[in-house]
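Please open the structure in your viewer and keep the selection tool at hand.

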Amino acid sequence: MPFWTIVYALLFYIATALLVGGLAYRIRIYAKTPAPLKIPTTPAPVTRQGVVLRMFREVAFFESLFRSNKWIWIFGYLFHFGLFLVLARHLRYFTHPVWFWVDLVQPFGKYAAFFMVIGLLGLWARRFLVDRVRYISVLSDHLMLALLVAIAMTGLSMDYLSHTDIVSLKAFFLGLMYFNWQPLPEDPLLLVHLALVATLMIIFPISKLLHAPGVFFSPTRNQIDNPRAEPGLRAHDSRHIAPWAAELDR
Amino acid sequence: MADFEIPQLKEYPVIPKIHEGVMAHSKPFVAKQEFQGALGFPGELVDNWQQVAIDKMGELNGKYRSLQVFLDSCVKCGACTDKCHYYLGTSDPKNMPVARQDLYRKVYRRYYTFAGKYFPKLVGATDLTKEVLDDWYSYFHQCSQCRRCSVFCPYGIDTAEISMAAREVMDAVGIGQKYCNEIIGKVYKIGNNLGLPEPALADTLEGLEEDIEDDTGVAVKLPLDQKGAEVLLVTPSADFFAEPHVDGLMGYAKVFHEAGISWTLSSYASEAANFGMFIGSYENMRKLSLRVREAALELGVKRIIFGECGHAWRVAYSFLNTLAGPFDFLDPKYPVPQHILEFTHDLIQRGGITLDKSANDDMVLTFHDSCNIARASRMGSKPGGQFTIPREVIKASCNHFYDMPQDTIHDATYCCGGGGGLLTDDLMELRVKGALPRMEALKFVVENYGVTHMAAICAICKSQFTKVLPYYGFGMDSIVSVHQLVSNAIVMGNKQ
């Protein structure tokens, strides 16, 4: 096996393990930590279906952010929706035969990377131009944007400037998945792109990227507004109470 | 009038440029030993305070999902930076919600995250030094826990949760806030925030009965500790004598009288406010709440109704059942607890009371949504009832009502500037500056619709505005209780 193939194969095994393991560890913490008090930001839904809908609007449309700030919303949405399409398109390198819907996304995915970059640059510009956002930005906030921009730019370069051997690349990743290693094309752009992606995977569970699982566990958004005993919503003999809080009653 | 600059009311709200450190001097008095002890906190800064604080932070992370998720999830997008009334009024960047959270988050990162342990500079993590603790004391007492930031955060991060945690950590190392902790001690000892003992309370209520009778010719009772009454009314103790609160209390009494429903106040639970929430202490909040349960059991009532109070209604509506439930000994036909406005609104709907709107014709009204009612509770059975029910009661009591601009009401409402345990004279500068966004909104309706009075449903809002309105050129008596309007308009002796 060529040297770089071994390095990248190991890198992606490690990165995947850290990403999956790290996220599972964090999510386990979020899930196991009790929410002792009902704190939904009201007005909040009074039913489970209502909460699912609220969360869907939050995740799919960034509802609160839209109310909050149109500039952040438009740049943030461009980036995230672009990323979603790009990721969906990339599934073709990990599936054989390629799934039907991934083929559908393909034409959009090719241009989505531009939206991603525009969104990222917009968000980055705010970190310099708006004094309040400049004040709250630290080095890691800039580096995170730099990393994402670099990933998008190297990816775009391979699409529009200098094609890489995509067939061999797919063979490499399928080989990783089925433990039947195939050589990785030694194209510098590709190597940089992949190294950056692996970096992103590794830092995901130890960085602010935890907002992705975090939003689903946010009590202000995922709780049903039914704290008091109330006909039709909560029986008079029932309580929302955490185990550690119940101990105080003993 | 003041030894600080009073902000100018502008034609249109402006987001100020940041001015670092301009509010660093703002700190409330520290609680003395005696007040700390009563709450189970050390009396002064403990020797190994750093370790105690760090351990406490870890403990809280394990107890509150909100805290753990909020500390990890912020991406510093900046959406909240112009949402806090204290930032808008002071321009101190540490009053931006995210920056306030970061005072806590940077310490959390240092001791509890991989990145902060090994690359502190990179992620802005810092050791917990005395300077950091001082910053905490200053800026976590510049948050009124109003939750406006949480409405606008894409992840619903609520700075109130972080402020509460920070205050709990500070209490654990012996640096408590005098105002809150002294008041909680008073409730334990006497039964209410004001330290009004039973005989004085009985006297006050008798005086109010005389006032109502002089005024209306009707003998309306304000019963105290009356066993077997149908309703236990729990109301903020400011209602017993402060203006305009007391006019609201007389309004409740008249409504009960006209409805023909027996009710009582309790001297043991003569306080609706629960300052345990302000200091983030579940244990103290629970202990205070249990007084309401004990009073209800002792007096044998069937229902519990809370008077006009903002943070109190949050604790009552959202937490009471958790802290002091279950209330299976009360009448299951009614929610536990109910808000006095739900009660009055229902009566109006059913024609149970008659209101003469013209009695309030000397006023043109607007309504201030109290932060914790708007964003942390509900009234009625539908989401948003906390906005419609008070307005419907006001509109049923007067002829002239205009809302303030949309982005300053409902769940976008601005805090009065005195909530969350900051209603103390040692924070006057902060209170005046924090009221700025509400004052600008008020100015708008005063100039455009000739509004003369602002109605509120929170004891803190009422006290805060009474004090702060004059700084901005409004009359201190232009703040009124909603049940004061009901009191003026209610036609007495109509029902048999």
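Helices (H or I, at least four residues) and strands (E, at least two) are DSSP runs, numbered from the N terminus. This is a predicted model, in which local features need pLDDT of at least 70, side-chain atom pairs count only at pLDDT 80 or more, and totals for chains, interfaces and linings use all residues. Residues are numbered from 1 along each chain as its sequence is written, while chains are lettered from A and ligands numbered from 1 in the order in which they are written.

**Stop 1: chain B as a whole**

Select chain B, which contains 22 helices and seven strands. The radius of gyration of chain B (taken over C-alpha atoms) is 22 Å, close to the 23 Å that the globule rule gives for 496 residues, so chain B is as compact as a globular protein of that length. The globule rule is 2.2 Å times the number of residues to the power 0.38. Along the principal axes, the C-alpha atoms of chain B fill a box of roughly 75 × 50 × 40 Å.

A residue is called buried if 20 or more other C-beta atoms, placed from the backbone, lie within 10 Å of its own, exposed if 12 or fewer do, and partly exposed in between. By this criterion, 61% of the 496 residues of chain B are buried.

**Stop 2: the two domains of chain B**

Next, colour domain 1 (33-176) and domain 2 (185-402 + 451-489) of chain B; these bounds come from an automatic or database domain assignment. The C-alpha centres of domain 1 and domain 2 of chain B are 32 Å apart. Two residues are in contact if their C-beta atoms, placed from the backbone, lie within 7 Å. The contact involves 13 residues from domain 1 of chain B and 11 residues from domain 2 of chain B.

Which helix of chain B gives the largest share of the side of domain 1 that touches domain 2? Helix 10 of chain B does, with five residues.

**Stop 3: the loop between helix 15 and strand 4 of chain B**

Now select B:P326, in the loop between helix 15 (310-324) and strand 4 (338-339) of chain B. A cis peptide bond, with omega of about -5 degrees, joins B:G325 to B:P326. B:P337 lies in the loop between helix 15 and strand 4 of chain B as well, and a cis peptide bond with omega of about -5 degrees joins B:V336 to B:P337.

Most residues other than glycine have a negative phi, and most peptide bonds are trans.

**Stop 4: two residues with positive phi**

Move to B:Q145, in the loop between helix 8 (130-139) and helix 9 of chain B. Its phi is near 55 degrees, a positive value in a residue other than glycine. Is B:Q145 buried or exposed? B:Q145 is buried, because 26 other C-beta atoms lie within 10 Å.

Then select B:H410, in the loop between helix 18 (385-397) and helix 19 (428-434) of chain B. B:H410 has a positive phi of about 50 degrees although it is not a glycine. B:H410 is partly exposed, because 18 other C-beta atoms lie within 10 Å.

**Stop 5: chain A and its contact with chain B**

Finally, show both chains: the contact takes 66 residues from chain B and 62 residues from chain A. In chain A, select helix 5 (residues 100-129). A kink of about 50 degrees lies at A:Q106 in helix 5 of chain A, shortly before the proline A:P107; the bend at a residue is the angle between axes fitted to the seven residues ending there and the seven starting there. Among the buried residues of helix 5 of chain A are A:V105, A:G109 and A:F115.

How values were computed:
The expected span of a helix is 1.5 Å times one less than its number of residues.
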